[in-house]
Amino acid sequence: MSYVLKLCSWYPSKIDCYSGDFVQRHARAIATQIPVVAVFAVKDPERFSGGLKVEKSVEGNLTEYRVYYPQKKWLDKIWSQWYYMQALKTVLPSILREKGEPILLHVNIAWKAAIWWRYLQKKYDWPLFVTENSTEYQPAALLNIRKLGPLRQRLTRLLFQQCRMFISVSAQLVNTVESLYGKIPATVVPNAVDTSLFNPIAGPDDGLFHVLHISTLSYQKNPEGLLRVYDELLQRHQDIKLTIVGPITPLLQQWIEKWKHRSEAIHCAGLIAYDQVALMVQQTHLLTLFSRYENLPCVILEAHCAGVPVVSTNVGGIGEIIDDTNGVLVEEGNETAFLQAIERVKKGEMQFQKSKISKAAMRKYNYTQIGMDFIAAYKSAGIQL
C-alpha cells in the first residue's frame with residue numbers, strides 16, 4: 001500500500017488545538033491524492049506519571065497518531081527527549097504491520113522530528129522530504145536557529161542536506177535556509193486553505209469600514225506598532241470598525257481600557273474557533289498585518305480565498321502573494337505608510353474585485369490543488385507513485 005509517512009513537530013492536539021493547524025491542512029491536502037499517516041508526540045502538562053497515551057484517528061485517507069507523554073518534576077528535558085523517541089517506537093510497528101513501509105518520509109517542521117528521522121535513517125532507506133514553517137530561520141526572529149544549541153543545529157543541518165527535496169512555503173524561505181546550509185533541491189508549495197470555510201459572501205452593509213487583524217499579538221506581529229496605527233484610525237474616523245482576533249494580552253488590555261470611549265468601534269474577540277475565524281474574515285473589508293518577520297501567513301491566503309484584500313508589511317514570502325490586485329505592501333515598521341495604505345483602501349483610492357481575488361486564491365490554495373502540487377514535487381524528485 002503506497003502512503004506518505006509524516007513526522008510532525010507541530011500538530012493540533014488536545015494540548016493546543018491551534019498549534020500546527022497548517023501542518024494538518026497540508027496532510028489533508030496530500031490525503032486527497034494518496035493515503036497519509038501523520039505522527040505527532042507532545043507533552044501533557046497535566047500528567048506527572050504513567051506512560052505514553054496513544055490516540056489514533058482516521059478521516060478518509062488521513063490517519064493521525066497523537067502520542068501524549070507525561071511531564072516530569074525532575075530532569076524534564078531529558079525525560080522529554082526519551083519519551084519523544086519512545087513515542088515513535090511505540091506507534092511505528094503497528095503502522096508498518098497495517099500499511100507496510102511508506103513510499104516516502106515527510107518531515108514537517110525540522111525540530112523535533114529531526115530526532116525521529118535520525119533514528120529511522122539508521123534502519124530504513126526511505127526517501128526524505130522536508131517542509132518547514134518555523135520562522136526561526138528568519139534573521140530577525142527572536143527564537144533564532146543561529147543562536148540555538150549545537151545538537152539542534154547539527155541535526156537540522158543534516159536533515160536539510162540529506163533530504164531528497166525541501167518543499168518550502170515560499171521562495172524567500174528557500175533562499176534563507178540555503179544561506180545557512182548551502183544549495184538544497186527545493187520547490188515551493190504554499191499553505192493550504194479550507195475553502196469550504198473561507199469563501200466569499202456579501203460583506204457587511206452597516207455603513208462602516210471593517211478592518212480585521214488576526215494573530216497571537218506576539219513580538220513577531222509588532223503589536224505595539226499595530227495598535228498605535230489602530231488608535232490613530234479611531235481618532236481620525238468615526239465610520240470605522242476594528243476587530244482583533246487573538247489572545248487578550250496585557251498590552252491589548254491596556255489599549256482596551258484606553259478605548260473605552262469608543263468601545264463600539266473596536267471588538268477584541270479573543271481566541272475563537274476556526275469556523276468563527278472564517279466568519280470574521282468573510283465579514284470584513286480589509287485584513288491587516290504589521291509583522292516584523294514571517295514565512296507565509298495562512299491568514300493572508302484565507303482572506304484572499306474570501307475575496308478580502310490585505311494590507312501587510314513586505315516581509316518573508318508575503319511579497320510573493322500580494323500584488324496590486326489583492327492588497328498593499330508597506331515597509332516593515334513604517335507606521336505612517338501602514339496607516340496611509342489602510343486609509344487609501346477605505347477611501348476607495350485603491351479598488352479591489354472581491355470575486356477576482358477569491359477565484360485566483362481558491363484555485364491555488366484549495367486542498368486538492370495543494371495535494372496535486374505535493375504529488376508533483378514528489379514525482380519531480382524521482383518518487384514513483
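**Burial, strand pairing and surface features of the predicted model**

Glu 343 counts as buried because its relative accessibility is 7% (buried, under 20% relative accessible area; exposed, over 50%; partly exposed, in between; 1.4 Å probe, protein chains only). The structure is a predicted model, in which local features need pLDDT of at least 70 and side-chain atom pairs count only at pLDDT 80 or more, whereas totals for chains, interfaces and linings use all residues. Residues are numbered from 1 along each chain as its sequence is written, and side-chain values use heavy atoms, with hydrogens and water left out.

Glu 343 belongs to helix α10, which covers residues 335-346 (helices, H or I, of at least four residues and strands, E, of at least two are DSSP runs numbered from the N terminus). When neighbours within four places in sequence are set aside, Glu 343 is in contact with Leu 233, Arg 236 and His 237 (contact, heavy atoms within 4.5 Å).

The protein chain as a whole contains 12 helices and 14 strands. The C-alpha trace of the protein chain spans about 65 × 45 × 40 Å along its principal axes. Of the 385 residues in the protein chain, 55% are buried. Contacts between residues at least 6 apart in sequence join residues at least 24 apart in 71% of cases. Carbon and sulfur atoms account for 52% of the accessible surface of the protein chain, which comes to about 16500 Å² (Shrake-Rupley method, 1.4 Å probe; for residues, only the protein chains shown count as cover).

Two further helical residues were examined. Phe 22, in helix α1 (residues 21-30), has a relative accessible area of 17% and is therefore buried. Beyond residues up to four places away in sequence, Phe 22 touches Trp 10, Ile 109, Asn 133, Asn 191 and Cys 298. The C-alpha atoms of Phe 22 and Pro 297 are separated by 9.6 Å, although the two residues lie 275 residues apart along the chain. Ala 278, in helix α8 (residues 274-282), counts as buried because its relative accessibility is 1%. Its contacts, excluding residues up to four places away in sequence, are with Leu 197 and Phe 198. Between the C-alpha atoms of Ala 278 and Ile 266, 12 residues apart along the chain, the separation is 19 Å.

The loop between β4 (62-70) and α2 (76-99) contains Leu 75, which counts as exposed because its relative accessibility is 60%. Together with Trp 74, Ile 78, Trp 79 and Trp 82, Leu 75 forms a nonpolar surface patch with about 660 Å² of accessible area. Patches consist of residues with over 30% relative accessible area and no salt bridge, like charges being joined within 9 Å and nonpolar side chains (Val, Leu, Ile, Met, Phe, Trp, Tyr) within 5 Å; a salt bridge places a side-chain nitrogen of Lys or Arg within 4 Å of a carboxyl oxygen of Asp or Glu.
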